[in-house]
Structure formats: structure tokens, C-alpha cells
Amino acid sequence: MDFNIVQRLGNRLAIAAGTAALLACGSPSTAQREIVQPLPGVDSQVSQGFRTYLDSVAARARREGVSQRTIDAVLPGLSFDESVAALDRRFAPTPAGQAFPSFGAEMAKRINAAKIRQGRQVYADEAARLVAIEQQTGVPASIMVSIFGHETSYGTIMGSTDLPRALATLAYEGRRRDLFEGELVAVLKMVDMGVPRSVLRGSYAGAFGYPQFLPSVYIKLAKDGDGDGKAEIWSSRADAFASIANYMLAAGWRRGEPWGFAVAVPSSLNVDAIANREQVRKCARAVERHSEFKTMREWKALGVYPAGGVWPADDKVEASLLITPGLDAQGYLLTRNYRAILDYNCSNYYAMSVGLLADGVRN
Ligand SMILES: [Ca+2]
């Protein structure tokens, strides 16, 4: 059984044939040089095309209600970011049939004693706020802390790429223009909302702040967690936790259910007979590794039992079975809450490591 590793937003698509041609176009005419200053390392025809493209983005932003003041303050200052374009081209989908790294090796890269220790410290430092948010939302404090740890190493690595410039570059490249143009307009809306231009920094693919939200996610789901009325997810841990919990709620988190747990699977279990036949809209490649959903009562009847010996209190909780690949194969029953973590970042490696680190932080 192989395993599905899915890169973050923007990494999945094959390279559009047009991109290389676009970047390799010939020398500009003198007239073009007078109109557009060439950028270091980038052909001026790219700059000119980029500028024309930004005019169309400005028109869209105006239609969507962004103020002219914000448009004038942000868009004219942007230039094509060749380093962002190069990073985007470097990632490609995992080809079908290619071996995935072993589960144990991948988890060891993502979770270690230091990361658990740091998570416990964050948990202790922020306990009052975390508990309050958990009581309000049903999302466990340990899950919020674990996502914070995974996304930005507990707030220490948030990315320093200029977001409007990166999003404009990715949108202009065109491989996922629908996504990134929408995010570029969303980042303009954030400026209209009063978010300082100076904090609009993040990953090359447009994620920013402690929870690494995309701008559209920020607009929809960011929350104030410390009571000052602002959702400052780049500087307030409380705001970041409240926002992560709000994201999980929106993704269908169910109060009182675990994310999942390790199980022993009897050799008599016919895994093919319980294969997942569900048609899912999102994250299909990760979900197709799972079995169909069954209740805890049904799993018990099939002879599956928790490696730690403790079943969820409610027999009607549903879970699917995932058996990790490799010599260190391990079965896990994964509830609907695991799907909420997958919604945050569509990779089984990601969701498993969020769950396992949360367990380590809580214990
Ligand atoms: Ca706040």
C-alpha cells in the first residue's frame, strides 16, 4: 500500500507548457524599455505582461468593492518575483506508481521529543485561553497547539515572502490563476479591512501568520481570541488558536470525538471488502487510502481493537481504517475529525502527524 503525500496549495499541478516559453521570450524593443523598467533577471516583456495583468486584477478588485486607495497603494508597487515562480515550478505531483516514503521515517521527520516538549510548554503557557476556546468550540487544546506547531514551529517560522507580490506572481503564471487571483483580491480586501501592509508576509504560496491561512480563509474564518476586537493571527497566539478552532468547526469538527487512534487489525480482516467507495469532492487522493466508515460497534464486531485498549465512550462514533505503508505498518481508526484536519491540509502524513503530536502534547 502506498501513501498519499500531497503538497501544499499550488504545488500539485504539472508545469504548464506556456510558462517556460513566457520566461524565455526574447529581448524587448527600445520602446518597451521606455515603458517598463526591466527587473533584474526577468525579461521586460514579462514585466510588461505582468503590469497589464495587474490592471485586470485592479478592475476585478474594484468590481468586488476594494477601495481605489488600497488598489493604488498595493498593486503599482508589485513586481514579478522570479524566486516565487521558481519555487512553484519545483513542485510537481507525486507520479502515479512512485514509492512514497515510509510512514515511520516521515513521522520521525515531523515529530520529535523537542517538538513535543515545546508543544507542552505552549500548552502550559496558554492553558487558560486554550481551555476557554476548547470549551466554546469542542476542538481540543492539544489539536490547536499541534497545528500551531506544524504550521510554523510554534510561531517561529512564518515565512517572509511579500504576500501580494507572491500571489500576483503565482496568479500571473497562470497554472492556478483562479485560486491565486482570488487570493490576491482577498489580500487587497484585508488591507481595506485595516490589516497593515507590513504584516502581509508569509510562505511563497500565500499562507501567512501562525496558522498559515490563505487570505480568503483569513477573511472567512479568522477570529479574535484575546478580546481586542482584532484577529491578529501573525502576532497573537490567542487569536491564532481561536482562528484554528474556528476553522476546525467550519470543517465539521465533532465535539467529544477523538481524531483517531492506533488499532490492532486481525489477519482475518478482508481489507478489500471494506474499501472506500465514497465519492469525495475534496482531498480524494488522501481519502482513497481509507476504508469505508463504520461505527465503533461494527469495528469491534470485526475483531479490531485499540492498541491502547480504550474505545471511545460512544459506540456510534464512526471511523475509517487506514493501514500505514511499509514494514512498520500500523492500523489507525480515523474519525470524522481526522477529515477536518485533512481539510486544513490535504495530506495523510500531515493529518496523522497533527493527531500524533497532539497526543504527545496532551499526555
Ligand atoms: Ca486579537
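**An enclosed helix and a calcium site**

Helix H10 spans residues 163-173, and ten of its eleven residues are buried, so the helix is largely enclosed by the rest of the structure. This is a predicted model. The buried residues are Leu163, Pro164, Ala166, Leu167, Ala168, Thr169, Leu170, Ala171, Tyr172 and Glu173. They count as buried because each has under 20% relative accessible area.

Look next at the two ends of H10. At its start, Asp162 places a side-chain oxygen within 3.1 Å of the backbone nitrogen of Arg165. After the helix comes Gly174. Its phi is positive, near 90°.

Now turn to the calcium ion. Its protein donors come from Asp224, Asp226, Asp228, Lys230 and Asp239. Along the chain, they follow the spacing D-x1-D-x1-D-x1-K-x8-D. Within this set, Asp226 and Asp239 link distant parts of the chain, 13 residues apart. Asp226 sits in the loop between helix H12 (215-221) and helix H13 (237-250). Asp239 belongs to helix H13 itself.

Asp226 is partly exposed, with a relative accessible area of 28%.

What is the geometry of the site of the calcium ion? The six donor atoms make angles of 53 to 158°. The site is irregular.

Note on methods. Residues numbered from 1 in each chain as written. Predicted model: local features only at pLDDT ≥ 70, side-chain atom pairs only at ≥ 80, totals over all residues. Heavy atoms only, no water. Donors = N, O, S within 2.8 Å, 3.2 Å for Na, K, Ca; no water. Tetrahedral: all angles 85-135°; square planar, octahedral: opposite > 155°, others 65-115°. Helix = DSSP H or I, 4+ residues; strand = E, 2+ residues; numbered from the N terminus. Buried < 20%, exposed > 50% of the residue type's maximum accessible area, 1.4 Å probe, protein only. Polar contact = N/O pair within 3.5 Å; in protein donor to acceptor, adjacent residues only side chain to side chain.
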